[in-house]
Amino acid sequence: MSNNVMVLCEHVGKRVTDSTYELIGKARELAGAFGGQVEVALFGPADLAEQLGGADVVVNVDDPSLAEYVPECYERALMHVLGEREPRLLLLANATIGLDLGAAISVSWQAPLAAYCVGLAAEGDTLVATCQILGGKIMAEVETEGTKAVATVVGGAFPTEPGQGSGSPEVVTVSVPDLGSVRMSLTQTFEAQGGDVDITSVDMLVSVGRGIGSQDNLETVEELATSLGVPLSASRPVIDSGWLPKSRQVGKSGLKVKPRAYLAFGISGAPEHLEGMRSAELIIACNTDEQAPIFEIAHYGTTVDLFDLVPAIVERVQG
Amino acid sequence: MNAFTVLTDSTSVTRPIFQDIHLIGRTIFYVLAAAATVTFLYGWWRRVAKYRRGRSAGRGATVRSALFANPFSGVHARRDTSSVGVIAANATVSRRHLATGVAHFMVFWGFIALFIGTVILTIDYDILRLSTKLLLGHEISFFYGTFYLTYSVILDTMGLAAVLGLAYLGVRRALIKPPQLNYARAEDPPGGYSRAKMVAGDWLFVWGLGLILLTGFFVEVFRIRAENFPPFEVWSPVGWLGARLVQALGLPASTSLGVHTFFWWVHALLALAFVAYIPFSKALHILADGVNLLAHDKSGTRSLPAPAPVEHIGYQKIEDFTWKELLDFDSCTKCGRCHAVCPARAAGAPLSPRDLILDLRQWVDTQSSGVTLLDREQRPEATGPLSPNGDTKIAGSVISTRTLWSCTTCMACVEACPVGIEHVSTIVQLRRGLVDSGDMDPTLQKALQNLAQQGNSFGKSARMRARWTKGLDFTIKDARKEQVKYLWFVGDYASFDDRLQENSRALARLLHTAGVDFGILYEDERNAGNDVRRVGEEGLFELLADHNVNALQAAHFEEIFTTDPHSLNTLRNEYPERGASYKVWHYTELLAHLVETGAIPVEPLNWRVTYHDPCYLARYNSVIEAPRRILRALGCELVEMPRNGANTFCCGAGGGRIWMDDSYLTERPSENRIREAAELDVNYFVVSCPKDVTMYSDAAKTTGHDGALMVQDITQLVAAAVRVPELVGAAVVASGAADAAAPAAPSPTPTAAPSPGASAPSSGGESPARDVAPPTIADEPSDPTAVSPERSASTDTEPAKGPARPTDGPP
Amino acid sequence: MRIVVPMKAVPDLVEEIELTSDGSGIDREYLKFVLNEWDDQALEEALLVKEAGDAEVIAVGLDSDPDIEQALYAALAKGADKAVKLTGAGEAPDTHARAEMLAGWLGDQGADLVITGVQSPDDLDGQLPPALGARMGLPHVSVVTSIEAGADAGTVRVRQEFSGGRSTELSVTLPAVVGLQAARQSPRYAPISRIRQMMQAGGIEEAPLSPASGTSGLRVRRMYAPESTGHAEMLTGSPDEVAAKIVELLSARGLVKG
């Protein structure tokens, strides 16, 4: 039993993800409070440890079966590492891996789990988590009982900078028992469809949501995007309807974007969407429902009907 | 020789029946006549057997009423039902198509007269003469003298009328070519199709009738010539003149007899062939359409039939249709009036009501080895209606899903149909099958789920329904808790749509100011279910309606008014059978009364406006005059659009279309309508349906007319015309006599009476309803239950074409 | 194949959520409950699997969830073969308790596949599919967007989705638990008349649960509605005026030529 805070490192294409840095940053703060260290569990090639300067210890399991994410392999490896290292707290990003493993670890490791965390604090020996539930409508402040815990953290809840230290952590190599008996295997990987445009690398985005109503209304907003010379992006409902390609999806299951300006039309602001765009420098939201959660994070908002507003902007931009 | 002596010379004043046709010829004729009759009866029997496979349509009483109780109903005015009078007058044929109607009338009565003439001959020759000869030994006949001459002149005239009428119809078809007679489908089936046989059938019909008429006259012409002009035959004027003509052309009497014999045979064979042909062709409409009109009832569209009581939901086989529906299919003459007026078709949707009926007819024929010869579509492959597979659902295979979902249920087709076909209820029956298999737009599905869960299509919390009232400086009475005169059934759009809430508040303020005693159901109101029912989601309709019925029964009010014409329709026509029978008004009827009586004091606006009739208000429920009365009272110059009143053009939102994707349309109906209005050089496009405000505001923008044409709810016009409260007193004094008709006590300025906020309007002694509300019932000129001036006067006659005269301004 | 779809009724997020007077939880008394939307997706995918081959779909709900019967009847109306209401679930069980109780019941059901929603809006102590998988010792995959028959008998191919549009396909040996993100097609519509038919037929079976013994180990201190800390500055006026302000904001940052 230690006072360490462990973070499961996620990496895509040899790069550690932003959400991992967000967790490491928070872990630093919590480890400080608990009087422990920050350990990062790194599954896969050890050379990624170079990117984990914010950790004190990198616990590396380099097993061929962990080269790609296979839920059961990761779960077994993680359980093994937890058994070996006995951290005070395990932090997971509340994305696919967190949703996949969090509650299973909680059951198997017999540690309470706080899901959808947007805030974490140590009060003495107690871990206090603030969780965002019911579509972001309610915040729950919870204590975790016992001396170990798991938390899955909502993306974007914490800054990345504190986790991007330039230290050189100690790398501890752990070998795991044979993973050959797992009951699942990876058969195929699909990379993100190489979209026409990369919405993560543009200065400005015009984005549409469910409020657009129907596909032909998309033209109205498309015209604005064209006149501004920026791509059109959208929230999940629009993508699911097949009105725009997946490469244009902003949000938790789509892309995280950080443009200098984000114009949101007819987007109510589900937490999953906000996760993908909340760090835009300027957010202007247009939604006829003045109660829409998007207004909580937007810098400017308006309830003017988008079908009135959009042509007016187009006129000004073109005129 | 004068006419008198002709008439007295009775025995010779006649014509031979079988002149120059001897025994063998006569025998052949009678054998052929019998064969033609048998063929006719066989065809008709096959048709009737098919109709008898259909379910009961519950139209027995309708037929009896059309025959006996109200034999002239609908001849002069637009009515739900038809009658023998309507059929006799061809009233439905000439409605909005006068020339065609007159021509058809001439052919119709021409042939009836000729048919009666033939029957008379049969009675005289084959019955009277034959029987008397056998029984008495000598023939007795009445076919001579005065009777014969009268007979001759009438049949000659009627025959001529039929020739002229038919000639016009033929010319119309061949040369004028009105677009509705183009049989091109609204959507080509994969693999293509041909309707050439249909066209051939039409021409065979026209030429068949024409040749029967012409050869009939030829027979007469050459007989008179052959007989060397018996003087009394001037009473067959057409024959007489014709005979003179052939004489002038040099035809001798002797030759003429042979020519006569030739034409006699041609005429006889054509006529017999035609009789045999009737049940197998377009000519069937001679028999089917009269019956169909007798059984026709528009109230079956206003208040839809329950789903077919069968094991499966949705139509799958012939037995699932009612006999009226099966007769509908056979009744279609392909006149294309429905095709021309259909907003879906005009918008480029695959739906054409004509295609729908013809496809169903052909499918039923295919399934029942029907007897139709030429009136069929051909396809390279037996797809859709030609498919012999009887075990598939009709919705989705015979009629495409998109076709069925394209209908706005605007009822223009039913209104336009001259033969009483009821397309809309059949479409809804087919849609019920689509709903059952979940075959619908995702947006519609979402709306239905919202309606099931929250009672509104917006998916907003049912508890938020009355939130729009927050912006008022008075509290609208809660009809669940206190007695009110009027219950305002606000409706989804007026309650939840941000763009429309201000309209609702404006109406509330006007009514409050006028002292009308009204309340609402607050969160106990649900979507009325009109469009849900028309989508085909009967179960959900029942759920919503039953909730509302319970809420209405528990509330305290006398009468209802609605904002939404769609709600009005179902509350007025469909709720009674579910246990909620109330007088239901549209708010324009209320406002009309209030502005006319001065309860809402207004000053002339002098705006130049046009007015769009909502389908569910004007066409479905005949509320046509009330909004126009308001406009007159407001001193607006009303410029009518060509399509107005009961002939209005749909905005495209009805029947649940507002919840569906319309991106596949080439031009939305609302845009088509705005273009129609834009031609009139008016500034305001006035509407009286919440959905219209959204539909037309959007359409004005997308067509680029939003600058010149303001879409306004009529409520906003009244609000703009209301005199400033401080001026009310002064104005009354100044205008004196003009305002004498206003309520006797105009002194308490309406806004001053209840002190804002402090005391509820109900608590004061003077506020409850003043003397405004009661007369609203007594005076209201458009009582929806009784035969009212609104219905009888304004019904068929559309509101005046061209600019309506503004009422005189105040002195 | 036997597919069990555990379903949960959750507060309707369209409604305003009220908290109990002591702020320790949400006030369930006047709250409207609807089927968890991800469970609806799970049911749809189960029905698609059934339609693609030979499978039996059993929808399961807990009696602790208000109006769960509605969801079960709707499941039957949509084509589930059986609906079971599990009784004795107690008051508002959390995910850990649900997993424990469901695992107990599922123990002797012979289910090949358990498909349930990837998450629900109120699972404070984590998501059901992994908890259930861990409880039952079964392989489990979450954030899945399709389930199809596998190359070998006794396996399924599932597609797991990651952020950024990446996804992978896994071959999973049955029995297994799947947490569904989105079915291959939108959940089908259950016509009200069919639901009513099912209600009249009374087609819901009941089965008792053994109560859960474990706890989630979470203690709720308080719940609250997030304060609107950084509410947007609202632009008002005519569409044209608002458009002008927006263009001004953008041009001040050099994003449009103003």
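In which handedness of crossing, left-handed or right-handed, does α8(B) pass α10(B)? I looked it up: the crossing is left-handed (the near helix is turned anticlockwise from the far one by less than a right angle; clockwise would be right-handed).

Before going on, I noted that this is a predicted model, where local features need pLDDT of at least 70, side-chain atom pairs count only at pLDDT 80 or more, and totals for chains, interfaces and linings use all residues. Residues are numbered from 1 along each chain as its sequence is written, and chains are lettered from A and ligands numbered from 1 in the order written.

Back to the pair. I found that the axes of α8 (196–226) and α10 (253–277) of chain B come within 8 Å and cross at roughly 155° (axes are lines fitted to C-alpha atoms over the stretch in contact, with angles from 0 to 180 degrees between N-to-C directions). So α8(B) is roughly antiparallel to α10(B), the term for angles over 145 degrees. Helices here are DSSP runs (H or I, at least four residues).

Next I checked B:Ile21, in the loop between α1 (3–8) and α2 of chain B. B:Ile21 is partly exposed because 17 other C-beta atoms lie within 10 Å (buried takes 20 or more, exposed 12 or fewer, partly exposed is in between, with C-beta atoms placed from the backbone). Leaving out residues up to four places away in sequence, B:Ile21 touches B:Arg26 and B:Trp264 (contact: C-beta atoms within 7 Å).

Last, I looked at α13 (323–331) of chain B: eight of its nine residues are buried, among them B:Leu326 and B:Phe329.

Note on methods: Helices (H or I, at least four residues) and strands (E, at least two) are DSSP runs, numbered from the N terminus. Two residues are in contact if their C-beta atoms, placed from the backbone, lie within 7 Å. Angles under 35 degrees count as roughly parallel, over 145 as roughly antiparallel, 65 to 115 as roughly perpendicular and the rest as oblique.
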